[in-house]
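Subject: Structure handover

Hello,

Please find the structure below. My notes on it follow.

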Amino acid sequence: MSQPGIPASGGASTGLQAQNGAASASGSPYTNGPVQNALMSSQVSVSQGYNSQLPGSYPHLIPAKTLNPVSGQSNSGGSQTVSPLSNYQRPGQAPYGPPVASHPGTPSLRSGPSPQMPLPTSQNPAATPMPSGSFLPGASVPSPSNWQYNYLSQTNHCPRASSQPTMTGNTNLMSPQYVSSGDSSLQNNFIKSGSALPLANPPLPTTFQPGAPLGPPPTGGPPPVRALAPQKLTPRTVPQPSFNSTSNQEGFWSYKFNGSMFTLFLATSQPTNKNPTMSRSVGYSYPSLPPGYQNTTPPSTTGTGIPLSSLNYPSGPQAFTQTPLGANHLTASMSGLSLHPEGLRVINLLQERNMLPSTPLQPPVPNLHEDIQKLNCNPELFRCTLTSIPQTQALLNKAKLPLGLLLHPFKDLVQLPVVTSSTIVRCRSCRTYINPFVSFLDQRRWKCNLCYRVNDVPEEFMYNPLTRVYGEPHRRPEVQNATIEFMAPSEYMLRPPQPPVYLFVFDVSHNAIETGYLNSVCQSLLDNLDLLPGNTRTKIGFITFDSTIHFYSLQEGLSQPQMLIVSDIEDVFIPMPENLLVNLNESKELVQDLLKTLPQMFTKTLETQSALGPALQAAFKLMSPTGGRMSVFQTQLPTLGVGALKPREEPNQRSSAKEIHLTPSTDFYKKLALDCSGQQVAVDLFLLSGQYSDLASLGCISRYSAGSVYYYPSYHHQHNPVQVQKLQKELQRYLTRKIGFEAVMRIRCTKGLSIHTFHGNFFVRSTDLLSLPNVNPDAGYAVQMSVEESLTDTQLVSFQSALLYTSSKGERRIRVHTLCLPVVSTLNEVFLGADVQAISGLLANMAVDRSVTASLSDARDALVNAVIDSLSAYRSSALSNQQSGLMVPFSLRLFPLFVLALLKQKSFQTGTNARLDERIFAMCQVKNQPLVYLMLTTHPSLYRVDNLSDEGAISINDRTIPQPPILQLSVEKLSRDGAFLMDAGSVLMLWVGRNCGQNFLSQVLGVENYALIPQTMTDLPELDTPESARTIAFISWLREQRPFYPILYVIRDESPMKANFLQNMVEDRTESALSYYEFLLHIQQQVNK
Amino acid sequence: MSRTFGAEGRATCLAIIAFDELKTDYKNPIDQRNTLDPVVLPEYLIHASFCVMFLCAAEWLTLGLNMPLLAYHIWRYMSRPVMSGPGLYDPTTIMNADILAYCQKEGWCKLAFYLLALFYCLYGMIYVLVSS
């Protein structure tokens, strides 16, 4: 059994906890989700699917991933195959000419059939609510000759879209329960959310019908035209097609397409232009495709009829350059194609400085066939630095780019299929869970996509609960969803699932009382006591400590909590084994009593010592029988007993990159954390300290026990109200978010690849297994991979992460994510598929390790070298003719900028007076944050907000949300007569210029003049003006996109926060760091050496 | 003399086997640390005492051959991660592919060295016996 089991779940039927907290749209994204009836497969409606979570911000993800296959390239059946072969073979050309020329009438096509209407059932079975309707013979019955069971999904790949009552008890095969949701809501919702992707249904079915002209036969029903309603289009909604027309399919697709062709109808919109104008169709037949998407023939850029600017046309074949200038709407619409020529551009960064897109950067879409791609895992959950995996390690080394995965496995999902089945189908040799990328050799056998072993399909798996059809294993939800959750049977438990156990450990020394944090924390706890994720078995306990350790007996029946003091900190013992951790429901009143009195109990204390180490040992002993979560609040350097630390920081050396103490000074905390990990205890550390507290040593307790660290420098209840608010908000999220107990995560990958190093908070228990005593939805992980054996005989590789955990309801569950990527053999393709955000994120993780093992300056050099090496590799091998300037592939155009931003990030910056603890905290964050937030912290988004207008706004749930363009992080973009909002992930900063318009001051800030803006202002007044409404809508929209609550600071010229604001201007020069342009010059110099 | 080289060899063999087990998933890093850490220091001490004996016996050539390893041992122990007990291996980083590969390579190299040293000593002993 490869899942090292850990306890597991008993009463499975108590009700499914809705998978993700973020369920209700209205609502509290933080809750643990509604309880669902286990029998019914109700699911939160798709409407709030991926995109309600980040409304609008990643609209294209939806299409690209699970929900909607077709985003950009709506397949139109109607537009018949147009000169199928000829267009296609010219990748470069295809996007331009043909579409316009050959389809003058396209607009009408789009407007004709209502875009979001499901086409005839045969095409979109998923759209029809009736299951029975979903299988038209044409589409669903596999014809043996043409259709293989693998890659089935043509119709139903969006299974949740068809609302299917789960049937239970029909036959014994019925056990799998499948959660699905109504698809109509799905469609509506897309529209509502303004995602501009009304394509709820997988349109592609036609392409795969056996028999030749797939091109949607006219008779086959109205073409699935996925047109975008023009008015819904906004800059953020440029659909990103999941498929590039020039893909390298022959290997694994051609057999299906022999002699057949289909037409793509592309309708995309461009950001600036409200009318989706470009549409085109490309007909092609697969067998004759040129391999890969690199242009092996010089792309023809002529015939577009559109002015192209003449900047940089390298004559080399691969260097396909097209500047956006003058062809704005064309390129914008092209960007909808994942293989857009845009992607082939070579950019001279020295000439084109403004590469930052004005909308959030979208991850690249792997160059996979759209049918695979639409099943692929959402990039927010699972992302690879190279969306095209190099065939050999030699090729990877040549590219000088890091290969790795970035995971956010336990992210709050609104929509997640949950399968309850007595047998979970897994590969017999490598234990991979069955996933959408396996191939079915015939009905009874499937071939593992990781180890290639042929396995039998169990009898039970033959029945599809979704369609109630027997003999369609390839339509099962497991094979239709890259992200799925299984209810684990008892084989996955080593012990009965543990109850949720929460232990709070408070520092109550004099210093702690001074800060007054106990009030906030106890109040938050009181407020959220009922919202703690758990069930009737939930246990809670409290320990406080100064130089002694205080336990609280909360035995049912006591009139008030009883305090027990243990002063022997050399040999800590638990004064009474029971009643210290009590059932929350039974002793709720005592707990509330305690929380109310606790803040007052120590007000007179004069004890300044802190015995953190012994207190942790005591807490560990208390929790070790069950496991659970320990939340430790500490306000100073521990000074007593084991684990006592000494101040190591030397303030006058803060700015130098040498000789700073990033390594722990003792291994006590690490060893204790490993013991905790073994007993399924996770420790979360809240450090609220004014002085140096040696986070480098203390942080180990959380790092190796899979906890998280929170740091509030200079916390004080009166002097620092901003930190107080931050603590409250974060505690609110912390206490109520979903939690998984006694978890393990295993990451598997296709034979030939191997895992090199893990990054994040956990303990690595074996080569591919992470031990996570607790898993929380805000934790991200990174994995470095290496290519051990050549992948020449395979075209696809897959990665699968399986997270086995006990939910707070006491169920054992397995959440599986599978990512599938193509293998490529040339360097150019590797560069083309590079995901610059993921690369920067992985490099940041590697740099943290480097700073700890070597030194900070080493890590900084390594970051710079990463850019130089990869760009020189690109220059020497992928660019055929040498040009001056700094040539970068389009995919890496932001690489230097992001690396520069990393160098200026708190973790790696030099020359500033960053406190050591803050730096280490920033490093902890790099390791523990999911990529999205890491990138926002590193390279914040800057918006001008004093002139928000409804132009280009998106609307979500009847709210209009303006979408100002993202500006470059340079002071030159600021102006004194404007107001600018910087979104740095965990904080929002609103900088108001001195000469800011009176209008903004009075209508949004609600003050008469500039001087009246308060020194610390963290809220915008809700005024009854359109300007105020817009600003507030925008800010709350930004906040809704993340699970925590970023605080807004209003900053004026004299504010102390102004330095923080300006520090994030990464493109500018500072005393000790280069400006972006200087950095580029430096790189160019190195690259051209 | 050959016996003690055997002991060192055994410690190294143990290290090789243990790392291999670790790599193939049979063991978890904490058990691994518990198996290996107790033998690290004895191995180093035995080797050091041999060097001292070579020194006393004025075996300059043999001493010269062993000095690099002695220096390596000292460096290795000085640069070990922060830990309270004796030992060398940190269970939290040992699964890192680079470190694992390094430790394995180190094991094989040392085993080879000890084997050669064993034969060298046997040769020396027999040579002395024969010539006397």
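A contact here means heavy atoms within 4.5 Å. The model is predicted: local features need pLDDT of at least 70 and side-chain atom pairs count only at pLDDT 80 or more, while totals for chains, interfaces and linings use all residues. Residues are numbered from 1 along each chain as its sequence is written, chains are lettered from A and ligands numbered from 1 in the order in which they are written, and side-chain values use heavy atoms, with hydrogens and water left out.

Chain B

Among contacts in chain B between residues at least 6 apart in sequence, 67% link residues at least 24 apart. The chain has four helices and zero strands, where helices (H or I, at least four residues) and strands (E, at least two) are DSSP runs numbered from the N terminus. Of its 132 residues, 39% are buried; buried means under 20% relative accessible area, exposed over 50%, and partly exposed in between (1.4 Å probe, protein chains only). Chain B exposes about 7400 Å², and carbon and sulfur atoms supply 73% of that area. Accessible areas come from the Shrake-Rupley method with a 1.4 Å probe; for residues, only the protein chains shown count as cover.

Interface of chains A and B

The contact involves 18 residues from chain A and 17 from chain B. About 1400 Å² is buried between the two chains, with 56% from carbon and sulfur atoms; this is the accessible area (1.4 Å probe) that two parts lose on being put together, summed over both. One salt bridge is found across the interface, the term being a side-chain nitrogen of Lys or Arg within 4 Å of a carboxyl oxygen of Asp or Glu. Its partners are B:Asp90 and A:Lys670, at 2.5 Å, N to O. On the side of chain A that touches chain B, helix 17 (668-678), strand 26 (753-759) and strand 27 (763-766) each supply at least two residues. Strand 27 of chain A gives the largest share of that side, four residues.

A:Leu349

A:Leu349 lies in the loop between strand 6 (346-348) and helix 10 (370-373) of chain A. A:Leu349 counts as buried because its relative accessibility is 0%. Leaving out residues up to four places away in sequence, A:Leu349 touches A:Met355, A:Leu886, A:Val888, A:Arg893, A:Pro896, A:Tyr1076 and A:Leu1080. A:Arg893 is 544 residues from A:Leu349 in sequence, yet the C-alpha to C-alpha distance is 7.3 Å.

Regards
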